[in-house]
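Please look over the structure shown here before reading the questions and answers that follow.

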2 protein chains.
Amino acid sequence: GYVSQGAMAIQSREFKMLLPFALVAAGLLFLGSRGYLRWEGPAFLFGAACSALAGFIGMRVATQSNSRTTTAAMKGLNEALQVSFAGGSVMGLSVMGLALIGSTVVFLLCIFAFGSDAFSIESISLPILSGFALGASCIALFSRVGGGIFTKAADVGADLVGKIEAGIPEDDPRNPATIADNVGDNVGDVAGMGADLYESFIGSLVGAMILGMAVSGLADETRILLALLPMFLAGVGILASMLGMKFVKVKPGSSPQRALNFGSFVAGGLMAILAFPICIITLKGQDLGGHFTASGLGICTAIGLAVGTAIGLITEYFTGTNRRPVEAIVKACETGPATTLITGMGIGMVSTCLPVLAMCICVLVCYFVAGLYGVAIATIGMQLTLAIQLAVDAFGPIADNAGGLAEMAEFPPEVRKVTDQLDAVGNTTAAIGKGFAVGSAALTAVILFSAFKEAAGINHIEITNPKVLVGMLMGGMIPYLFSSMLMMAVGRAAFTMIEEVRRQFRTIPGLLQDKAEPDYARCVDISTTAALKEMLMPGMLAVFTPIAVGFLGGIEMLLGTLVGITTSGVALAIFMSNAGGAWDNAKKMIEARTSNGKGSDAHKAAVVGDTVGDPFKDTAGPSLNILIKLVCIMSVVIAPMLRAYWGN
Amino acid sequence: GYVSQGAMAIQSREFKMLLPFALVAAGLLFLGSRGYLRWEGPAFLFGAACSALAGFIGMRVATQSNSRTTTAAMKGLNEALQVSFAGGSVMGLSVMGLALIGSTVVFLLCIFAFGSDAFSIESISLPILSGFALGASCIALFSRVGGGIFTKAADVGADLVGKIEAGIPEDDPRNPATIADNVGDNVGDVAGMGADLYESFIGSLVGAMILGMAVSGLADETRILLALLPMFLAGVGILASMLGMKFVKVKPGSSPQRALNFGSFVAGGLMAILAFPICIITLKGQDLGGHFTASGLGICTAIGLAVGTAIGLITEYFTGTNRRPVEAIVKACETGPATTLITGMGIGMVSTCLPVLAMCICVLVCYFVAGLYGVAIATIGMQLTLAIQLAVDAFGPIADNAGGLAEMAEFPPEVRKVTDQLDAVGNTTAAIGKGFAVGSAALTAVILFSAFKEAAGINHIEITNPKVLVGMLMGGMIPYLFSSMLMMAVGRAAFTMIEEVRRQFRTIPGLLQDKAEPDYARCVDISTTAALKEMLMPGMLAVFTPIAVGFLGGIEMLLGTLVGITTSGVALAIFMSNAGGAWDNAKKMIEARTSNGKGSDAHKAAVVGDTVGDPFKDTAGPSLNILIKLVCIMSVVIAPMLRAYWGN
């Protein structure tokens with residue numbers, strides 16, 4: 001009860017705070033534009049509303065599933081998995097459905113309102129669709145950043161004082177920050193991630209639609225079909241995901257990880273096969289002007305699916321328990337926190353290599369097969385099984401929360417054991433989900449660069465142009481500035497939380513003896529206030545960078561900045577997410593072993609690594625994905641204004 | 001004795017190992033090229049030899065100055081400063097002199113051998129000068145990387161076992177790794193840095209000469225003068241530095257930092273004033289074709305000096321003791337190692353912002369004032385006072401070593417106090433030097449992009465070309481891969497060192513009771529072997545990346561990779577150097593305070609931060625500068641071959 005109330009409270013406060021911001025932004029878009037561009041404003045609001053709704057549904061489902069999971073965990077592992085996974089599934093399906101319905105509605109309204117103008121060369125629907133995507137991105141950024149700060153402030157605060165200073169177990173009801181911690185899991189990991197992946201999907205859908213309409217020399221009808229193809233693929237993707245979900249069942253003696261993987265592979269394999277007929281049927285009888293063939297687009301879809309899976313498997317290797325990288329960290333824990341950190345960072349850094357190479361191969365091959373539109377289709381392909389991905393992702397925090405509830409409600413220890421098993425799987429699936437998110441962010445950015453250039457009306461931008469280079473240097477620095485803001489925000493918020501928990505332990509008589517109840521609400525309130533206050537600066541950095549660079553430095557410099565942010569941000573995001581995931585699982589491995597486990601010096605070193613990794617993997621890393629996409633979509637949206645301002 | 005012998009031994013082993021490599025590389029350049037391009041081979045060897053000589057001189061001077069500094073420290077602070085600074089000065093002057101003489105010799109030989117062909121549009125001297133710069137870069141990279149691994153393996157090993165496990169003070173003669181640690185200071189911090197800054201200076205000199213000769217539509221004589229202008233400026237820069245060195249004197253009651261800053265400011269201010277007459281006199285009566293004016297070039301020189309100083313001051317702010325950032329880390333140390341690390345990384349990340357902006361402003365303004373050649377002149381300007389910068393830099397490790405010697409020779413504690421005071425100043429000057437190095441690396445890279453494009457014979461490279469974008473994504477990842485190799489190498493080498501020190505403590509009877517002598521030579525040998533073995537992989541990565549990308553992916557992809565490495569590498573290098581410097585000084589601040597100082601929990605947290613920061617600031621961070629320049633120069637050198645291969 002406390003948790004779902006708290007989660008709803010923070011989310012409604014967040015949306016209340018963002019509402020005037022969204023209205024002002026939409027108003028500016030409406031007033032600052034002329035003619036049909038004015039529709040960007042309403043589209044922005046609609047996108048923002050859909051994004052908020054996606055987060056809201058996910059959270060509502062998650063907060064209700066967790067207590068049911070706790071109850072189901074009393075019956076057994078498969079029962080608990082079913083309940084928690086069903087919660088995740090509802091979220092995954094609704095997020096993907098909302099994205100699909102939202103963008104279809106916007107696109108059809110454009111065609112309805114403007115007739116054939118909607119997809120002429122000076123395409124009307126382009127800026128309007130971008131406005132819709134921008135609305136989704138802005139809400140997603142604030143949800144992710146706010147949620148990330150909220151959850152880690154509570155988590156770090158609860159752990160440092162509760163576990164280390166007072167020596168009480170995790171999620172003990174005597175710890176005042178424990179409710180805030182559980183609320184945080186829902187706000188940050190469920191709602192934040194839902195909004196994130198929703199935004200990612202919208203971004204690639206809109207990017208692919210824009211590029212489909214921009215293929216030169218084709219008939220209007222063909223271009224509409226190219227714009228609709230991503231939606232058809234996504235529609236079938238939802239069905240494939242639903243089928244895959246049916247296969248998620250743990251047989252006795254088998255691991256939940258295997259069940260989840262099996263479901264994902266079924267959905268992915270099905271999509272890879274179905275992609276060809278979908279592409280061929282959709283484009284049957286159309287003259288594609290020699291740009292690409294329908295089956296070439298099918299190949300791109302399959303490549304996207306394969307590369308996404310590859311990135312997921314690579315991520316699983318670098319962050320999974322009982323794999324060499326995490327075992328290296330476990331070994332380094334023996335020589336103290338310093339070697340733990342050096343090794344973890346080394347592993348996080350080296351783990352950037354293969355995912356980036358996989359993305360590069362994907363771009364090169366798909367470009368070769370079907371041009372820029374092929375790259376866009378591969379980006380869609382990577383996210384076709386998003387519904388089941390998200391279900392797999394969201395089930396982790398639900399299981400984590402269920403464990404927390406079991407601890408707080410003082411259920412028998414077997415229950416906690418079941419939820420712990422699910423939680424450990426959730427760590428790896430979360431890391432895989434982040435791999436997907438960063439992969440799709442990079443590809444989406446690549447296709448949005450061209451969309452931006454087109455919208456800004458510039459044909460050639462020379463890479464050695466000093467303005468472009470300056471933009472890139474600046475862009476390379478921005479992910480660091482953004483991450484540092486988030487890390488410092490978590491540090492500050494955790495510090496306030498630590499003070500409050502210490503104060504309650506000191507001043508509430510009988511609290512540690514379980515005779516008095518702690519003031520949970522104060523801790524939730526501290527996290528909420530901190531999240532709302534601290535998310536403003538990084539949010540503003542993301543929103544205003546394109547505007548400032550575009551109007552002060554020019555279109556070339558802005559494109560350079562976008563490329564710089566992507567180049568440096570993708571590597572930094574993978575580094576942070578994987579280092580954090582690896583530290584977390586190294587700690588889990590040490591806790592699971594019988595000798596030299598919990599309480600040993602090695603465990604203490606691992607806890608330090610995990611605590612440093614928390615803001616890495618749950619706040620800064622995933623927020624970078626949204627940063628990358630947001631600055632790109634923002635630039636596409638302001639491109640017509642920049643064009644008018646600089647007089648191209 | 002031990003230290004200087006050890007240092008010489010490792011350096012000669014390093015050079016012996018690199019000699020066949022250099023001969024093979026020169027042979028390949030000679031055999032793989034046709035016509036005048038064959039001269040790249042000898043030029044490469046000459047550059048490599050000069051670079052090795054620069055490191056060698058620096059080390060010889062440093063290892064002799066440190067014992068003299070120890071003796072001088074018995075007389076007082078100013079005397080110790082004078083001796084250690086004199087050692088640094090010899091090194092600074094010889095490095096800068098060697099760079100100047102080397103490139104002048106190559107340039108004059110080109111003119112002598114080829115007459116006016118040397119500076120025709122298809123400029124002969126361009127590839128030959130690049131070959132010379134490449135030789136310098138390769139040796140510098142291996143010195144920096146090898147030195148960095150050597151010194152940190154010894155340092156981490158000596159500290160973790162000696163200070164923490166056995167509880168004996170730093171630099172205690174009973175610690176077997178102590179000689180290796182002191183040798184490391186010389187190999188890594190003096191010779192490595194000398195080769196680094198030498199290479200940086202050569203890179204910008206050659207870049208500026210190439211761009212001077214490439215200015216279109218000018219008379220041959222004018223273009224030669226433009227190529228020589230950087231050398232005239234550098235020559236006067238040496239004189240200005242010498243004058244500045246005279247002003248380095250500590251008055252009683254004043255701080256050594258102030259004395260060093262005063263000397264640097266005198267040299268810088270003098271140069272800023274002298275730049276104008278030098279430019280005007282050199283280019284008097286020449287027709288500059290409206291590209292720029294002589295006084296415009298003077299302005300660029302002054303801007304370069306100013307921006308370099310600004311980056312230095314910003315670095316000093318973020319890493320200096322008693323400044324807000326380091327104080328924030330000190331405060332975070334109270335709540336343990338996790339918050340220490342989060343705060344330090346946050347500060348390192350935020351510290352990338354202003355230096356990058358300063359570089360951006362420098363590029364934009366100088367390009368506006370005098371085109372690309374203006375940017376090149378600003379890069380030279382930034383390094384005109386290199387001799388005194390390097391003297392200031394090198395004096396730190398000399399003082400550090402002197403302190404080590406004092407401890408080992410069991411001198412009175414006042415001596416150690418004097419050297420400690422100098423050492424703390426040295427930490428900040430080292431961070432400032434790294435700021436300069438990364439600034440000049442970024443600017444050098446910017447001018448080499450154009451030189452590469454010209455040499456490869458491509459006029460226009462579109463930024464949204466997928467090959468370019470793929471190159472950039474890949475390039476953005478390479479600094480992480482490179483850094484992870486270095487961090488892991490330090491981790492592995494330190495691990496072997498820890499085992500050896502533990503073994504000696506265990507097996508040599510009476511060692512801890514000061515009755516037996518440890519086996520210093522084994523520890524030096526372990527560090528040497530590790531450094532030589534571990535420097536190969538990252539070195540090869542740097543050398544072969546341009547070759548592999550250029551021949552497999554094409555010229556566009558290679559340029560993208562160069563830009564990506566620079567974009568992501570500059571930010572990563574600043575982040576690592578500054579985070580490491582800040583942690584080091586936070587530890588120093590805690591050690592200096594009277595209560596809650598050495599041995600407290602806060603101190604232990606600070607030691608963890610410092611140990612993590614060691615490979616950040618002394619191995620990975622500074623090596624990234626060389627990586628950036630090396631891949632650029634390498635690409636310029638192979639550009640004619642790529643041109644022939646791809647048939648442009």
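**Rings, a helix and an interface**

Q: Over the face of which ring does K467(A) lie?
A: A charge counts as sitting over a ring if NZ of Lys or CZ of Arg is within 6 Å of the ring centre and within 35 degrees of the ring normal. K467(A) is placed in this way at 5.7 Å from the ring centre, and the ring is that of W646(A).

The model is predicted, so local features need pLDDT of at least 70 and side-chain atom pairs count only at pLDDT 80 or more, while totals for chains, interfaces and linings use all residues. Side-chain values use heavy atoms, with hydrogens and water left out, residues are numbered from 1 along each chain as its sequence is written, and chains are lettered from A and ligands numbered from 1 in the order in which they are written.

Q: What is the angle between the planes of F247(A) and F262(A)?
A: Rings of Phe, Tyr and Trp (its six-membered ring) pair if their centres lie within 6.5 Å, with planes under 30 degrees apart counted as stacked, over 60 as edge-to-face and the rest as tilted. The search of the whole structure finds 18 aromatic pairs over all chains. Among them, F247(A) and F262(A) are 5.8 Å apart centre to centre and form an edge-to-face pair, the angle between their planes being 70 degrees.

Q: How many residues apart in sequence are the parts that the pair of F247(A) and F262(A) ties together?
A: Helices are DSSP runs (H or I, at least four residues), numbered from the N terminus. F247(A) lies in the loop between α6 (220–246) and α7 (256–282) of chain A, whereas F262(A) lies in helix α7 of chain A, so the parts tied together are apart in sequence by 15 residues.

Q: How many of the 23 residues of α12(A) are buried?
A: Buried means under 20% relative accessible area, exposed over 50% and partly exposed in between (1.4 Å probe, protein chains only). Helix α12(A) is largely enclosed by the rest of the structure, because the number of its 23 residues that are buried is 20.

Q: By what turn can chain B be laid on chain A?
A: Copies are superposed by least squares on the C-alpha atoms of residues with pLDDT of at least 70 in both. The RMSD is 0.0 Å and the shift along the axis is 0.0 Å, with a turn of 180 degrees. The two copies are thus related as by a two-fold rotation axis, and the turn is 180 degrees.

Q: How many residues of chain A are in contact with chain B?
A: Contact means heavy atoms within 4.5 Å. On the side of chain B 67 residues take part, and on the side of chain A the number is 67.

Methods: Helices (H or I, at least four residues) and strands (E, at least two) are DSSP runs, numbered from the N terminus.
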